[in-house]
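Open the model in your viewer and keep the selection panel at hand. The stops below say what to select next and what is there.

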Amino acid sequence: MLLAISGDIVTGKLSTDASVLCLLHDVGFMEDKYTPQTWQELLGQIIEDPQVKQRIARETRVKTITLTRWVHNLAKPREDNMRQLLKAIPREHHLVFSRLAMIDFPNFSHDAGSSDPRQDEPPSEFYARVLSAYANTPQPLHTQGMYDLLFQQSIEQLDPDRQGMSISVVCCMHPLYGDKVRSLREIIGTGTPPWSHDLQHKTVFLGAESLAGAAVTKGRYVVAQSRKEPETYSLFFAHWSEHEQSAVAYPITCRARVIGCLLVSSTVPHYFTDRHLALIERYAHLMALAFDPRDFFAPEDIALRWMPHYTKQEPYVRHFNRRVTQKFADANAERRLITLNEAQERAWQDIEEELLQLPPYTELE
Amino acid sequence: MSTTQDQPGRQNDNTYVIDSESAVEMARLMRQDLLLTKGMGGLFPEDLDLTDVQRILDIACGPGGWVLETAFANADIDVVGVDISQKMITYANAQAQVRGLKNASFQVMNALQPIQFPDESFDLVNTRLIVAFMLPEIWPKFVQECLRILRPGGILRLTDLEWGLSNMPAYERTCDLFNMALHKAGQSFSPNGNHMGLLPMLRRFLSDAGCENIGRKAHAIEFSYGTEAHEGFYHDLAAAFKLLQPFIRKWEVATQEELDTLYRQTLAEMQSEDFCALWILLTVWGYKPRPTQL
C-alpha cells in the first residue's frame with residue numbers, strides 16, 4: 001500500500017499537520033506502534049538507540065545533545081541540518097520524515113538529502129580576486145600567490161564536504177637537450193585529508209604513460225572514473241597513487257599553447273560529475289594566469305616519453321636541495337651568477353635526464 | 001570601547017601591518033589558518049566543553065578560514081566572523097556559499113572600535129593572531145567588549161604568537177626587524193622591541209577583566225627543514241616577509257636595499273637542510289562570570 005501511493009506522496013503538496021497525519025493514517029504507518037505526529041517524535045524514536053544517536057550526530061556533524069534538543073523542541077535546526085538528518089537516518093524512515101518535516105519546512109522534499117544546492121560556477125568574487133592578484137601582485141609573489149588563491153578556491157568548491165581530494169599543477173619540463181618536451185613534473189599541489197595540504201614535496205615526473213600526459217598530448221581533458229576499471233582506460237593507469245580512486249586531468253593552455261595540466265584526484269570512485277568537470281575547466285583556464293605566456297609550448301613541441309613509476313623516482317628526488325646547493329657551488333667556481341630559480345630548474349633537468357635512463361613504467365610493476 | 005578622543009587618528013585607522021586588501025595576503029591568510037589549526041592540533045585543542053555553545057564570534061577573521069572550518073565541523077553552531085576588510089568579508093561569504101555552509105556568516109567590523117553586537121549574544125568569542133593590529137592601550141577595553149557580548153558562562157578565547165626562534169641569521173634578523181618596527185609603531189608590549197611581547201599579557205587581560213576558570217595551553221609549531229610543516233610555512237613566510245617590507249620601511253628600521261638582500265638570504269636559509277625554526281603560540285581562555293545567586 002505504501003508503494004502504491006508513494007507517487008502521490010512525492011508529488012503531493014502537503015503543508016498542513018492535518019493532511020500529513022491523514023496521509024500517515026491512510027498508509028497504515030506502523031499500525032502496532034505509536035505513530036509519530038512530528039518529525040521530532042520520529043527522530044526521538046530513531047535515536048533511542050544510543051549507537052544510532054552517536055552515528056547520526058557524527059554524520060550530521062552536530063553534538064548528541066543537539067539531537068536531544070531538537071527532539072524536545074528546545075532548539076530548531078536549519079533546513080540544511082534537516083537535509084543532513086535525512087541523509088543520516090535509516091532509509092525506511094525517509095519518506096515519513098520528509099513529509100513530517102514539511103510541516104515546519106514547507107520547501108523540504110523527500111529527495112532533499114540528495115540534492116546539492118551549491119553553485120555550478122566559481123562565484124564572481126573568486127574571479128575578481130584572481131584578476132586582482134594577477135594585476136597587482138609583485139613579481140616575486142606572483143606565481144605562488146596565484147597558486148595559493150586558485151588552489152584554495154578550487155578545493156573549497158570541488159570538495160566542500162571534505163571527502164578527500166588533491167589538486168596539482170603538472171608542468172612541462174623545459175628540455176635540457178633539443179626542443180621537445182619529454183616529461184611533465186608535478187610541481188605543486190594542495191589536498192584535503194587523507195592528502196596533506198601542501199603537496200610540493202610529492203614531486204613526481206610523469207610521461208606519456210600518465211593521465212596528465214594524455215591530457216597534455218591530446219590537448220583536452222581526460223577522466224578516469226575508477227581505478228578498479230582499468231580496462232576502460234587501458235593506458236592511463238600507470239601512476240595511481242595511494243588514496244586515489246578517480247582522477248581528471250585538464251590542460252592548462254594559453255593562446256592554444258600548453259604548459260601542463262591541472263590534475264584533480266578524489267578518494268571516491270566516480271566522483272566527477274559534469275558539474276565538477278565544468279568547474280575544473282574554469283579553474284584550469286584561470287590557472288593559466290599563473291604563468292608567463294612565453295613559457296607555454298606549441299603542441300608539436302611536446303613528445304612525451306615514458307617515465308618510471310613514481311615509487312622508483314623517490315631516491316632521485318630525495319636530495320634535491322643538495323643538488324641545488326651544488327649548482328650554486330659550480331656556478332661560483334666558474335664565477336657565474338645564478339639565481340635560485342635557475343639552480344632549481346637545472347637540478348630538475350638533471351633528475352629528468354637520469355630518470356629517462358631508467359626502464360620506463362610497465363604494467364608488471 | 002572607543003578611545004578616539006584619547007588619541008585622535010589612531011584607533012580608527014586600520015593598524016594591520018600588511019595591506020589587508022591584497023589578494024595575495026588573502027590567500028596567505030587562508031594557508032596560515034590551516035597551518036595554525038593543524039600545528040595546534042585542531043580547532044579547539046584545549047578540549048573546551050562546547051555543549052552549551054550555539055553561537056561563536058571570531059574577531060579579525062580575515063578571509064574566514066577558522067570560521068569556515070569551525071562551521072563545517074559543528075553544523076549545530078552558528079559561527080560569525082568579523083573583519084575590517086570589506087574584500088576579505090566578501091570573499092569569505094563567497095566561500096561559505098560555495099561550501100554550502102549556512103551556519104557561517106561574515107560582517108565588516110573594526111575590532112578597535114566598539115563591537116557592533118548586542119550584549120550577551122554569543123557563547124564563545126575567539127581571536128587568533130591579532131597582535132599584528134591590536135594596540136596595547138586598546139587591549140583592556142577590547143576584552144571588556146568581548147565579555148559584554150558574551151552570555152554569562154560564555155568563553156573568551158585568545159590565541160597569539162611569538163616568532164623568530166631559529167638557527168639562521170637572516171631569518172632571525174627579518175623577524176627582529178619586524179619586532180622593532182612593531183615597537184616603533186607602538187604596537188608591541190616588549191619594552192625594547194626584542195620580541196612582540198604579547199604572550200605574557202594574555203592571562204593578565206582575562207583576569208583583570210574578571211574572567212573565571214582561566215586556562216592556558218602553549219603550542220610549539222616546528223617548521224624546520226624536513227618537517228611536514230616546512231613547506232607550508234616557507235610559502236607563508238615568503239609572502240609575509242615580502243608583504244611586511246612596506247611596514248618595516250615605514251618605521252625606518254631598514255632600507256629597501258637592506259630588506260631585498262635580507263629577503264633573498266632568508267629564503268635561501270629556509271630552503272637549507274640545516275634550517276630549524278619554531279613558532280610559539282599560546283591560547284588563553286576564561287569564562288564570563290554568571291550572576292551570583294541570591
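Start in chain B by selecting strand β1 (residues 55-59) together with strand β4, which pair in the parallel sense over 4 bridges. Strands are DSSP runs of E of at least two residues, helices are runs of H or I of at least four, and both are numbered from the N terminus. Two strands pair if DSSP finds at least two bridges between them. Show Leu57(B) and you will find it opposite Val125(B) in β4(B).

This is a predicted model: local features need pLDDT of at least 70, side-chain atom pairs count only at pLDDT 80 or more, and totals for chains, interfaces and linings use all residues. Residues are numbered from 1 along each chain as its sequence is written, and chains are lettered from A and ligands numbered from 1 in the order in which they are written.

Stay on β4(B), residues 122-128: is this strand mostly covered or mostly open? β4(B) is mostly covered, with 7 of its 7 residues buried. A residue is buried if 20 or more other C-beta atoms lie within 10 Å of its own, exposed if 12 or fewer, and partly exposed in between, with C-beta atoms placed from the backbone.

Now widen the selection to the whole sheet of chain B. Its 7 strands form an open sheet in the order β3-β2-β1-β4-β5-β7-β6, with mixed pairing. β3 (104-108) and β6 (212-222) of chain B each have a single partner strand, so one side of each is left without a neighbour in the sheet. From one strand to the next, the twist averages 20°.

Ile221(B) has Trp279(B) of β7(B) as its bridge partner. Helix α5 (residues 169-184) of chain B packs on this sheet, touching β5 and β7 of chain B. Two residues are in contact if their C-beta atoms, placed from the backbone, lie within 7 Å.

Move to the contact between the chains, which takes 39 residues from chain A and 33 residues from chain B. On the chain A side, α5 (64-71), α6 (79-88), α8 (124-136) and α9 each supply at least two residues. The largest share of that side, 9 residues, comes from α9(A).

Select α9 (residues 139-158) of chain A and α7 (residues 230-243) of chain B, whose axes come within 10 Å and cross at roughly 140°. Axes are lines fitted to C-alpha atoms, for helices over the stretch in contact, and angles run from 0 to 180 degrees between N-to-C directions. The two helices, α9(A) and α7(B), are therefore oblique to each other; angles under 35 degrees count as roughly parallel, over 145 as roughly antiparallel, 65 to 115 as roughly perpendicular and the rest as oblique. Show Pro140(A), Leu141(A), Gln144(A) and Gly145(A) on α9(A), and His235(B), Ala238(B), Ala239(B) and Lys242(B) on α7(B), to see the residues that make the contact.

Finish in chain A, where 6 strands form an open antiparallel sheet in the order β3-β2-β1-β6-β5-β4.
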